[in-house]
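Please open the structure in your viewer and keep the sequence at hand, so that each stop on this tour can be selected in turn.

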Amino acid sequence: DALLIKPLELFKNHPEVLKNYQKKYKQVMVDEFQDTNRLQMKLIRSLVQSHGNIAVVGDDDQSIYGWRGAVIANILNFPKEFKNCKVVCLETNYRSTKSILNVANSVIQKNKKRHKKTLLPAHSENSVHKPEVFTYETDEEEIEEVISQIRHFKNLGFRLDETSVLYRSNSQGALLEASLRTHNIPYV
């Protein structure tokens with residue numbers, strides 16, 4: 001926080017310092033703007049208030065750090081606060097298939113506090129497979145299903161070195177590793 005508070009105090013107590021930085025940084029770009037907090041926004045405003053030359057990159061649908069202080073209003077209100085801005089929606093998704101994006105679009109469109117956009121696949125889908133959602137009562141049940149799926153694909157002829165498990169947090173990784181060891185499944 002001091003990295004934000006101290007410059008703001010400096011700018012408030014020494015306006016000539018702020019003017020120097022406004023002259024020095026005539027163009028300001030902020031990435032992952034959906035994750036900015038109140039103090040970061042105050043610092044950004046200070047730097048651009050004299051010239052208004054700012055570009056931001058972010059996706060309000062990917063704002064997940066509210067618990068860490070991110071303020072979604074920063075990105076949602078940006079076009080109102082910077083009236084002459086041009087909003088460019090990048091709706092082409094290069095990672096997911098149409099069926100996955102259809103599920104994602106149906107979930108995120110229910111959120112009324114967002115910029116309107118629809119994700120579209122960059123490539124035509126050749127697969128007839130539909131996404132599936134599994135829910136489990138406990139982490140242990142989820143890990144047992146992962147182990148079951150690894151065994152299933154191994155029985156179908158897939159090698160273990162052709163198998164990957166993606167997880168979101170380190171705590172999930174520790175539980176997965178313990179279970180792989182318990183089931184004598186080698187992993188890297």
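A salt bridge here is a side-chain nitrogen of Lys or Arg within 4 Å of a carboxyl oxygen of Asp or Glu. The model you are looking at is predicted, and it holds nine salt bridges.

Select Arg-45 and Glu-81 to begin, a pair that forms a salt bridge with its closest N and O atoms 2.4 Å apart. This pair links distant parts of the chain, since Arg-45 belongs to helix α3 (residues 38-48) and Glu-81 to helix α5 (residues 78-81), 36 residues apart. Arg-45 is partly exposed at 34% relative accessibility, and Glu-81 is partly exposed with a relative accessible area of 35%.

Next, select Arg-114 and Asp-61, whose side chains meet in a salt bridge at 2.7 Å, N to O. Arg-114 lies in the loop between α6 and β4, while Asp-61 lies in the loop between β2 and α4, 53 residues apart. Is Arg-114 buried or exposed? Arg-114 counts as buried because its relative accessibility is 15%, under the 20% cut-off, whereas Asp-61 is partly exposed at 23%.

Move on to Arg-159 and Glu-162, which form a salt bridge with their closest N and O atoms 3.8 Å apart.

Finally, select Glu-140 in helix α7 (residues 139-155), a partly exposed residue at 49% relative accessibility. Glu-140 gathers with others, including Glu-137 and Asp-139, in a patch of negative charge on the surface.

How values were computed: Residues numbered from 1 in each chain as written. Predicted model: local features only at pLDDT ≥ 70, side-chain atom pairs only at ≥ 80, totals over all residues. Heavy atoms only, no water. Patch = residues over 30% accessible without salt bridge, like charges linked within 9 Å, V, L, I, M, F, W, Y side chains within 5 Å. Areas by Shrake-Rupley, 256 points an atom, 1.4 Å probe, with all protein chains shown as cover. Lys, Arg positive; Asp, Glu negative; His and termini not counted. Charge placed at Lys NZ, Arg CZ, Asp CG, Glu CD. Helix = DSSP H or I, 4+ residues; strand = E, 2+ residues; numbered from the N terminus. Buried < 20%, exposed > 50% of the residue type's maximum accessible area, 1.4 Å probe, protein only.
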